[in-house]
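Trainee: Could you take me through one part of this structure in detail? I would like a close look at the surroundings of the ligand.

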Amino acid sequence: MPSKAIIIGTGSHLPARIVTNQELEKIVETSDEWIKTRSGISERHIVSGDETNSFLAVNAAKKALEMAGVAPGELDLVIVATLTPDMPMPSTACLVQKELGALKAGAMDISVTCSGFIYGLSIADKFIRDNRKMKILVIGSEVLSKRVDWQDRTTCVLFGDGAGAAVLTGTMEDRGILSTHLHADGTLWELLSLQALGTALPLEPDIFAQGLQYIKMQGKEVFKHAVRALESSAWEAMKANSWQTDDIDMLFSHQANIRILEFLQERLRLPDDKVFINIHKYGNTSAASIPIALDEANRQGILHPGMKLLFVAFGGGFTWGSLAMRW
Ligand code: ACO
């Protein structure tokens with residue numbers, strides 16, 4: 001039997017500062033009721049002071065490494081999935097590698113928005129299938145609060161900051177990552193974008209006056225694509241593994257909107273205790289949402305060896321995909 005990639009430690013870190021819906025009512029024309037009903041979000045964590053993306057990522061990583069019993073110097077690769085890096089160069093992964101003292105490890109960022117953790121695990125899986133001794137750290141980390149326009153009620157109420165991490169290595173046991181399916185459709189990029197601060201647009205006042213340094217989203221359109229892509233990803237993973245919906249022990253979906261999660265739950269006919277939901281506490285943390293959820297579930301003791309876990313995600317790009325795993 002070939003080796004499989006298995007998660008041996010998880011961690012997460014949320015900034016201490018919590019911003020409630022009631023606080024947002026004072027900033028933009030919105031209401032706790034609208035935000036809860038339309039998105040399911042009650043509060044989100046937001047960075048303050050000198051908290052950066054790499055700071056959140058390092059703290060999540062330390063907890064994952066501790067649980068795994070792996071020293072930073074043993075890591076072979078650090079992958080950080082993020083759309084809000086500390087800076088374009090160096091990568092956030094290099095800053096994390098330095099801060100952890102993981103000096104034997106290669107380090108890279110991947111820019112896949114909300115699907116980043118699934119893409120990151122998929123890359124780790126490929127390395128570990130070749131060499132089961134490898135130890136790989138995959139992090140999803142975001143500081144979205146600095147890339148939303150706090151005057152734009154259609155986006156600022158939705159996003160939050162945070163980081164989640166997982167340490168992977170190989171196993172010969174009948175556990176670990178079973179399948180990964182990655183997808184993208186760049187033709188629809190304009191429905192969800194963050195255009196300034198790259199090199200396509202000049203760093204000039206009129207660009208900033210248009211607010212192009214902030215996330216722009218056509219929410220309704222994105223919603224339609226998200227529900228379709230998440231559902232088709234779930235069926236694709238189940239088909240690849242000959243699973244029926246009854247086989248799924250826990251679904252971890254990207255936490256973008258409670259109505260998307262409820263739609264998915266209904267389509268897959270899953271009971272409440274098989275769909276992990278924490279969007280009410282954190283909002284949409286993009287690449288960090290799935291690893292934060294996984295770490296919460298893991299630390300709550302609700303994951304047991306052999307459980308069949310299904311991960312699905314969707315985000316700007318568009319990107320989407322699935323990962324099936326035996327825990
Ligand atoms: N408070 C009060 N009213 C609001 C707010 C707000 N915060 N935001 C919008 N509204 C208003 C709108 O102006 C609109 O008013 P109108 O009818 O007078 O024009 C009305 O509420 C309805 O707005 P919609 O945009 O149609 O609201 P909808 O029910 O579609 O919910 C939402 C919006 C929550 C954004 C939803 O569309 C959604 O979740 N979309 C998908 C998000 C997603 O999956 N993103 C993917 C990943 S994110 C990433 O990749 C970074």
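Mentor: First, a term. Helices here are DSSP runs of at least four residues, numbered from the N terminus. Keep in mind that this is a predicted model.

Now to the shell around the ligand. Helix H8 gives the most to this shell, with 4 residues. H8 spans 219-240. Helix H2 (32-39), helix H6 (153-156), helix H9 (258-267) and strand E12 (308-315) also supply at least two residues each.

There are 26 residues around the ligand. Thr30, Arg38, Cys114, Lys220 and Asn257 come nearest. By type, the shell divides into 12 nonpolar, 9 polar and 5 charged residues.

Look next at the side chains. An N or O atom in the side chain of Arg38 is 2.6 Å from an oxygen atom of the ligand. For Asn257, a polar side-chain atom also lies 2.6 Å from a ligand oxygen atom. For Trp34, the distance from a polar side-chain atom to an oxygen atom of the ligand is 3.3 Å. Taken alone, the ligand exposes 1,000 Å², and the protein buries 76% of that.

Then the domains. The assignment gives domain 1 (4-174) and domain 2 (178-326). Each of them provides at least three residues of the shell. Their C-alpha centres lie 14 Å apart. Between them, 50 residues of domain 1 are in contact with 45 residues of domain 2. About 4,000 Å² is buried there, and carbon and sulfur atoms give 63% of that area. Cys114, Ile118 and Arg147 supply 18% of the area that domain 1 buries against domain 2, more than any other three residues.

Methods
Residues are numbered from 1 along each chain as its sequence is written. This is a predicted model: local features need pLDDT of at least 70, side-chain atom pairs count only at pLDDT 80 or more; totals for chains, interfaces and linings use all residues. Side-chain values use heavy atoms; hydrogens and water are left out. A residue is near a molecule or strand if one of its heavy atoms lies within 4 Å of it. A polar contact is a pair of N or O atoms within 3.5 Å; within protein, one must be able to donate a hydrogen and the other to accept it, and residues adjacent in sequence count only if both atoms are side-chain atoms. Accessible areas come from the Shrake-Rupley method with a 1.4 Å probe; for residues, only the protein chains shown count as cover. Ala, Val, Leu, Ile, Met, Phe, Trp, Tyr, Cys and Pro count as nonpolar, Asp, Glu, Lys and Arg as charged, and the others, Gly among them, as polar. Domain bounds come from an automatic or database domain assignment. Contact means heavy atoms within 4.5 Å. Buried area is the accessible area (1.4 Å probe) that two parts lose on being put together, summed over both.
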